Amino acid sequence: MSYIKLLKAIDKKLKTRFSLPILSSSDVEEKIIRPSFMVELDNIGSSDFMSVSQDKKTTVRIHYFSSKKDKNKIENLNMIDSLNELFVEDSILKVEEGFNLDIDSDIDIDIVDKVLQYSFDIEFSQLYNKVDNVEMMGELNIKGVG
């Protein structure tokens, strides 16, 4: 399961409820389309678990650019309620067939420069597809034994 698939699953979940554009970070540098979302993964990390799986974690950060740059307090509050319905009440994220993730219900919400930032953490483990090409020892002869 790749981080790209995770990002696409978040976008797909947003599209089930909203018919708004989802911008990439390069789009935001040019000109912001309002209203719209931008989704990014932050604090990406991974670690080995007993040489059998990889533990992965990331923070999903959804930026909401309201229809108006100013005087958007009510619109942002309504969007918080809608995002809570989408990600807290239905905390299952369908990444691909047979692979679902639980969304951490501890949601962080900030409004920075009048842009709503809605974020949560996702953690999951994935088994390695290791091919062990190491030849096993056949017979061990120890001097003085046997």
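**View A. Asp-42 and its partner Arg-61.** With 29% relative accessibility, Asp-42 counts as partly exposed, because that label covers everything between buried (under 20% relative accessible area) and exposed (over 50%), using a 1.4 Å probe and protein chains only. Its side chain meets that of Arg-61 in a salt bridge, 2.8 Å from N to O. A salt bridge here is a side-chain nitrogen of Lys or Arg within 4 Å of a carboxyl oxygen of Asp or Glu. Asp-42 sits in strand β2 and Arg-61 in strand β3, so the pair ties together parts 19 residues apart in sequence. Arg-61 has 16% relative accessibility, so it counts as buried. Helices (H or I, at least four residues) and strands (E, at least two) are DSSP runs, numbered from the N terminus.

A quick word on what you're looking at: this is a predicted model, where local features need pLDDT of at least 70 and side-chain atom pairs count only at pLDDT 80 or more, while totals for chains, interfaces and linings use all residues. Residues are numbered from 1 along each chain as its sequence is written, and side-chain values use heavy atoms, with hydrogens and water left out.

**View B. Asp-90 meets Lys-13.** Side chains of opposite charge can pair when their charged atoms come close. Here Asp-90 forms a salt bridge with Lys-13, and the closest N and O atoms are 3.1 Å apart. This pair links distant parts of the chain: Asp-90 is in the loop between α3 and β4 (92-96), Lys-13 is in helix α1, and they are 77 residues apart. Is Lys-13 buried or exposed? Lys-13 is buried, at 9% relative accessibility, whereas Asp-90 is partly exposed at 39%.

**View C. Helices α1 and α3 cross.** Two packed helices are described by the angle between their axes and the distance between the axes. The axes of α1 (residues 3-17) and α3 (residues 73-89) come within 11 Å and cross at roughly 125°. That makes α1 oblique to α3. Axes are lines fitted to C-alpha atoms, for helices over the stretch in contact, and angles run from 0 to 180 degrees between N-to-C directions. Under 35 degrees counts as roughly parallel, over 145 as roughly antiparallel, 65 to 115 as roughly perpendicular, and the rest as oblique.

View D. The side chains of Asp-70 and Lys-114 meet in a salt bridge, 3.1 Å from N to O. Asp-70 is in the loop between β3 and α3, and Lys-114 is in the loop between β6 (108-112) and β7 (115-127), 44 residues apart. Both count as partly exposed: Asp-70 at 45% and Lys-114 at 41%. Lys-71 also lies in the loop between β3 and α3. Lys-71 has a positive phi of about 55°, although it is not a glycine, and at 80% relative accessibility it counts as exposed.

View E. What kind of peptide bond joins Arg-34 and Pro-35? It's a cis one, with omega about -10°. Pro-35 lies in the loop between α2 (25-30) and β2. Over in strand β2 you'll find Asn-43, which has a positive phi of about 50° although it is not a glycine. Asn-43 counts as exposed, at 51% relative accessibility.
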